[in-house]
Amino acid sequence: MVLQIAHTSDISRPLLTAARDLLDFVFEGEMTDDDWEHSLGGMHVIARCEELVIGHAALIQRRLMHRGAALRAGYVEGVGVHPDWQRRGIGGQMMDQLEQMIGAAYDLGALGASDDGVPFYEHRGWVKWLGPTSALTPEGIVPTPDEDGWIYVLPVSRRGSHNLDIHGELTCDWRGGDVW
């Protein structure tokens, strides 16, 4: 198994298509075009066994607002490992790479966790956001109560991270589809 780490612009169209196909399979057809779009424009970690894509994780930049500050967040998207390859440390190796990038370049890490992902992220030190969530939309700040309890952050020792109050409001920037 090898990990390929590259920006979206440096990945061939066939390899991106294979990564998207993997996520469609892993998420049983629930991966929308918007979900895939959210994974583009940043860094990817793609796990391969020979030419077969067996894992994918992406890190994009987003702005999260908290306590009057616009924090630069490394936002994790599109994390999945083919079921035949799960429980072999591949997800952890991919997240190791993303977490290093977060620590080096961002005020904090953030992600929206699935039911299955919660134990994995908590074991890695990600912290559940306990306060209300919202999104900065064209209509202004709109609460996102369906996301409350599903957003996780990875504090890092950079500007803004030391002021996190996980019981406070966290507001994400606007995007199409699921805002978180």
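Predicted model: local features only at pLDDT ≥ 70, side-chain atom pairs only at ≥ 80, totals over all residues.

Colleague: Then which ring does the charged end of Arg-88 sit over?

Modeller: The cut-off for the distance is 6 Å. Arg-88 has its charged end 4.6 Å from the ring centre in question. That ring belongs to Trp-85.

Colleague: And which ring has Arg-62 over its face?

Modeller: Here the distance to the ring centre is 4.8 Å, against a limit of 6 Å. The ring is that of Tyr-75.

Colleague: How many aromatic pairs are there?

Modeller: Phe-120 and Tyr-121 make an edge-to-face pair, with centres 5.2 Å apart and 65° between the planes. Tyr-121 also pairs with Trp-126 at 6.2 Å and 65°, so that pair is edge-to-face too. Together these contacts link Phe-120, Tyr-121 and Trp-126 into a cluster. The count of aromatic pairs is two.

Colleague: Is Phe-120 buried, partly exposed or exposed?

Modeller: Buried needs under 20% relative accessible area, and exposed needs over 50%. Phe-120 has 29%, so the label is partly exposed.

Colleague: What about Cys-172, buried or exposed?

Modeller: Cys-49 has a relative accessible area of 25%, which makes Cys-49 partly exposed. Cys-172 has 0%, and the cut-off is under 20%, so Cys-172 is buried.

Colleague: How many disulfides does the structure hold?

Modeller: A disulfide would need a pair of cysteine sulfur atoms within 2.5 Å. The number of disulfides here is zero.

Key. Residues numbered from 1 in each chain as written. Heavy atoms only, no water. Buried < 20%, exposed > 50% of the residue type's maximum accessible area, 1.4 Å probe, protein only. Phe/Tyr/Trp six-rings, centres within 6.5 Å; stacked < 30°, edge-to-face > 60°. Lys NZ or Arg CZ within 6 Å of the ring centre and 35° of its normal.
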